[in-house]
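Hi,

Here is the structure I promised to pass on to you. Have a look at it first, and then read on for what turned up.

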Amino acid sequence: MKKKIVLHFSKAIWDKPIIYRLIKKFDLVVNIQKANVLPKQESFMVLELDGDNGVITKGLDFLIECGVRIDPIEQRIKRDEDRCTHCGACTAICPTGSLYIKDRSTMEVVFDSQLCSGCELCVPVCPPHAMEIHIY
Ligand code: SF4
Ligand code: SF4
């Protein structure tokens, strides 16, 4: 099976070889789809794990033991279309490319909820509070 997740690394563990150990220890196929790792700063990574369901579960337990915060890919973020002013502030921070400018001539910001990881990074940066968290 395949599982898509967002990993958050605190300042204390940003430089630890956690992903290397995950691959070595559990023999999972790890596809890094997006990463923002900066020295001594909070970092995140969008990963797709491919492997046996039980092994993936053990791998996730290992990540949690290492201090990694895991967000499952869930479509729990919605955009209030009436509030969005298409300012573009969210497009720079969205790690999965769910918020993007489709056409430079109109500068319309598109929200593709299918790509959204639910990481919530766009919520605090949206000036008119158009990005909303919906818990399922
Ligand atoms: S930051 Fe908010 S208002 Fe600006 S484009 Fe994104 S969703 Fe729309
Ligand atoms: S929650 Fe916001 S920043 Fe995170 S993936 Fe979804 S649209 Fe992008």
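In this predicted model, helix α1 (residues 18-26) and helix α2 (residues 53-65) have axes that come within 10 Å of each other and cross at roughly 150 degrees. The crossing of α1 past α2 is right-handed. On the α1 side, the contact is made by I18, R21, L22, K25 and F26, and these meet V55, K58, G59, F62 and L63 of α2. Sorted by class, the residues of this contact are six nonpolar, one polar and three charged.

Staying with α1, you will find that its buried residues are I18, I19, L22 and F26. Why do they sit on the same side of α1? They do so because the arc they cover around the axis is only 100 degrees. Exposed residues Y20 and K24 are carried by the face of α1 that is turned away from the buried side. As for what covers the buried residues of α1, the cover includes α2 together with the strands β1 (2-9), β2 (29-36) and β3 (43-50).

Next, the two ligands. Ligand 1 is surrounded by 13 residues, and the closest of them are C84, C87, G88, C90 and C126. The shell around ligand 1 is made up of nine nonpolar, three polar and one charged residues. For ligand 2, there are 13 surrounding residues, with C94, T96, C116, C119 and C122 the closest. Here the shell divides by class into eight nonpolar, four polar and one charged.

Is M107 buried, exposed or in between, and why? Its relative accessibility is 36%, so M107 counts as partly exposed; the cut-offs are under 20% for buried and over 50% for exposed. Leaving aside residues up to four places away in sequence, M107 touches H86 and I101. M107 and H86 are 21 residues apart in sequence, while their C-alpha atoms are 7.2 Å apart in space.

That is what I have for now. Happy browsing!

Best wishes

How values were computed
Residues numbered from 1 in each chain as written. Chains lettered and ligands numbered in written order. Predicted model: local features only at pLDDT ≥ 70, side-chain atom pairs only at ≥ 80, totals over all residues. Heavy atoms only, no water. Axes fitted to C-alpha atoms, helices over the stretch in contact; angles between N-to-C directions. Helix = DSSP H or I, 4+ residues; strand = E, 2+ residues; numbered from the N terminus. Left-handed = near helix turned anticlockwise from the far one by under 90°. Contact = heavy atoms within 4.5 Å. Nonpolar A, V, L, I, M, F, W, Y, C, P; charged D, E, K, R; others polar. Near = heavy atom within 4 Å. Buried < 20%, exposed > 50% of the residue type's maximum accessible area, 1.4 Å probe, protein only. Arc of directions from axis to C-beta.
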